[in-house]
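Welcome! Please take a moment to look over the sequence and the 3D view below, and then we can walk through them together.

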Amino acid sequence: MTKENIIGIIKNVQAKGKNTFIKKNCDLYFTNKRLVCVVLSNSNFVAGMSGGLIAGVSGILAYSQVTDYTAKNKRLQNKEKEVDEIISQCPNSFDIKNEEIIFQKSRFESRFLKTFGIFAQLIIKTENKKYYFDIPYSDRKMAKIIVSEYSSEIKIN
């Protein structure tokens, strides 16, 4: 049995957790065996919008900072743990085994006009489901490298 190796981690991804309807703040772990979505906190993006509605500009900052602090705190707690332990201790986290992924039908969209310069989107296709991961546009170059190392079959735009 081969050891699981982490190829790369993309932080602050916006994605739906296993049992959530609203996107959350997550980290994506790319390993030689699976893709792991670790749910860390409520979405910075959604929290900022909510804060803006409630308290204007100061609400945007306050709500976003709370979710950012929560995510950073969980990252510190998970620092030395194995991937399975991280998944079990972060509610709504999940993994997608590499053998379930249809790499040829998955893609990474990072063109400015396609994503409006807010997020670059990683779309992972399996037999039964499509997973959407919104990666901060500012991290798109690093994300392209990680995705291409993870699988050369994922189409990158």
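Does Tyr 150 count as buried or exposed? At 10% relative accessibility, Tyr 150 counts as buried, because the cut-off for buried is under 20% relative accessible area. Keep in mind as you read that this is a predicted model.

## The overall layout

Let's step back to the whole chain. The protein has four helices and eight strands. Starting at the N terminus, their order is β-β-β-α-α-β-β-α-β-β-α-β.

Of its 157 residues, 43% count as buried. The accessible surface of the protein comes to about 9,200 Å², and 55% of that belongs to carbon and sulfur atoms. As for contacts between residues at least 6 apart in sequence, 56% join residues at least 24 apart.

## Rings that meet

The structure holds five aromatic pairs. One of them joins Phe 30 and Tyr 150 in an edge-to-face arrangement, with 5.1 Å centre to centre and 70° between the planes. Phe 30 belongs to strand 2 (residues 23-31) and Tyr 150 to helix 4 (residues 140-150), so this pair ties together parts that are 120 residues apart in sequence. Phe 30 counts as buried, at 0% relative accessibility.

Another pair is made by Phe 94 and Tyr 131: their ring centres are 5.6 Å apart and their planes are at 25°, so the pair is stacked. Here, too, distant parts of the chain are linked, with Phe 94 in strand 4 (residues 94-97) and Tyr 131 in strand 7 (residues 130-136), 37 residues apart. Both Phe 94 and Tyr 131 are buried. There is also a cluster, in which ring pairs link Phe 30, Phe 103 and Tyr 150.

## The largest pocket

About 280 Å³ of space lies in the largest pocket. Its lining has 16 residues, and Ile 6, Ile 9, Tyr 29, Lys 79 and Ile 86 lie nearest the centre. Strand 1 (6-16), strand 2, strand 3 (34-42), helix 1 (44-78) and helix 2 (83-89) each supply at least two lining residues, and strand 1 gives the most, with three. By type, the lining divides into seven nonpolar, one polar and eight charged residues.

## The second largest pocket

The second largest pocket holds about 220 Å³ of space. Phe 94 and Tyr 131 turn up again here, among lining residues that also include Lys 16, Gly 17 and Phe 133. Strand 7 gives the most to this lining, with four residues. The lining residues of the second largest pocket divide into four nonpolar, one polar and five charged.

Methods:
Residues are numbered from 1 along each chain as its sequence is written. This is a predicted model: local features need pLDDT of at least 70, side-chain atom pairs count only at pLDDT 80 or more; totals for chains, interfaces and linings use all residues. Side-chain values use heavy atoms; hydrogens and water are left out. Rings of Phe, Tyr and Trp (its six-membered ring) pair if their centres lie within 6.5 Å; planes under 30 degrees apart count as stacked, over 60 as edge-to-face and the rest as tilted. Buried means under 20% relative accessible area, exposed over 50%, partly exposed in between (1.4 Å probe, protein chains only). Contact means heavy atoms within 4.5 Å. Accessible areas come from the Shrake-Rupley method with a 1.4 Å probe; for residues, only the protein chains shown count as cover. On a 1 Å grid over the protein atoms alone, a cavity is a set of points where a 1.4 Å probe fits but cannot get out, and a pocket is an open set with protein on both sides within 12 Å along at least five of seven lines; lining residues have an atom within 4 Å of a point. Grid points are joined across faces, edges and corners, and a volume is the space filled by probe spheres set on the points. Ala, Val, Leu, Ile, Met, Phe, Trp, Tyr, Cys and Pro count as nonpolar, Asp, Glu, Lys and Arg as charged, and the others, Gly among them, as polar.
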